[in-house]
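Hi everyone, thanks for coming.

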Amino acid sequence: MTYKFHFLYRLGAWGAATCMVMICALVALQVTFRLIDALLSVTGFARLGLSVTGLSEIAAYLLVGAAFLGLAYTFVHHAHIRVTLLISRLPSAARAWFEVFCLLVALAISVLLGYGLVELARESRDFDDVSSGFLSIPLWIPQTVLATGVGLLCLALLETLAATLRIAIREPSRFREATATDDSETP
């Protein structure tokens, strides 16, 4: 299936990858600071006491951002876990309509989650909520990242639902299972 908004899903994936790289860089920096302190201590010099303040808090926000920003990209590349033991035994027409039903349920849940996250971010911004860790990070920032990731997933689900519904109505016998091969990557 070719996705019209694949560039947005890819942008989300780049955001997720950036979050992961930032986690690695922050942890490497913290390890480097500890190594420098250990070497200074062994050689008889005074420790510098360098550290990344709030590293675990920042890493947690980045990890959640990576997970949510990558949702749509992994969905369109069929990388989400699917249990197809029952559905694979159905005829093509029944499979198509079952897929439509599952996509509707997934879209409904995702829209509700997205709406809740947008409202949560709005409330956090209105009440100036900040994190309770070492750093006072405004909570609307990570919450907006979560809402963006779920919004991208909703868009991918909607796009897939439209295509699946089109096939289920016009040519249900042509319906095939989602496979690991994806033609949306081709230019």
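First, the ground rules. This is a predicted model, so bear in mind that local features need pLDDT of at least 70 and side-chain atom pairs count only at pLDDT 80 or more, while totals for chains, interfaces and linings use all residues. Residues are numbered from 1 along each chain as its sequence is written, and side-chain values use heavy atoms, with hydrogens and water left out.

Okay, helices. When I say helix, I mean a DSSP run of H or I with at least four residues, numbered from the N terminus, and a strand would be a run of E with at least two. In general, two packed helices are described by the angle between their axes and the distance between the axes. Take helix 1, residues 6-42, and helix 5, residues 140-170: their axes come within 10 Å and cross at roughly 145°. The axes here are lines fitted to C-alpha atoms, for helices over the stretch in contact, with angles running from 0 to 180 degrees between N-to-C directions. The crossing of helix 1 and helix 5 is left-handed, where left-handed says that the near helix is turned anticlockwise from the far one by less than a right angle, and right-handed is the clockwise case.

Who actually meets whom? On the helix 1 side we have Leu8, Tyr9 and Gly12, and on the helix 5 side Leu152, Leu155, Ala156 and Glu159. Contact here is heavy atoms within 4.5 Å. The residues of that contact split into 5 nonpolar, 1 polar and 1 charged. For the bookkeeping, Ala, Val, Leu, Ile, Met, Phe, Trp, Tyr, Cys and Pro count as nonpolar, Asp, Glu, Lys and Arg as charged, and the others, Gly among them, as polar.

Next up, serine 124, which sits in helix 4, residues 92-126. Is serine 124 buried or exposed? It's buried, because its relative accessible area is 3%, and the cut-offs are under 20% for buried, over 50% for exposed and partly exposed in between, with a 1.4 Å probe and protein chains only. Its side chain makes a polar contact of 2.7 Å with the side chain of glutamine 143. A polar contact is a pair of N or O atoms within 3.5 Å; within protein, one must be able to donate a hydrogen and the other to accept it, and residues adjacent in sequence count only if both atoms are side-chain atoms. Setting aside neighbours within four places in sequence, serine 124 is in contact with Asp129, Leu139, Trp140 and Gln143.

Now look from the other end. Glutamine 143 is in helix 5, and at 10% relative accessibility it counts as buried too. Not counting residues up to four places away in sequence, glutamine 143 touches Leu120, Ala121 and Ser124. Its C-alpha is also 9.3 Å from that of tyrosine 61, 82 residues apart along the chain.

On to charges. Side chains of opposite charge can pair when their charged atoms come close. How many salt bridges does a search of the whole structure find? The answer is 2, with a salt bridge being a side-chain nitrogen of Lys or Arg within 4 Å of a carboxyl oxygen of Asp or Glu. One joins glutamate 119 and arginine 122, with the closest N and O atoms 2.4 Å apart. Both residues lie in helix 4, 3 residues apart, about one turn of the helix. Glutamate 119 is partly exposed at 24%, and arginine 122 is partly exposed at 39%. Then there's aspartate 126 with arginine 125, at 3.1 Å between the closest N and O atoms; arginine 125 is partly exposed at 47%.

You'll find histidine 78 in the loop between helix 3 (71-76) and helix 4. Aspartate 128 also has a positive phi, near 55°, and lies in the loop between helix 4 and helix 5. Aspartate 128 counts as exposed, at 63%.

Last one, leucine 63 in helix 2, residues 55-69. Beyond four places in sequence, leucine 63 is in contact with Met20 and Ile23. Leucine 63 and methionine 22 are 41 residues apart in sequence and 9.6 Å apart, C-alpha to C-alpha.
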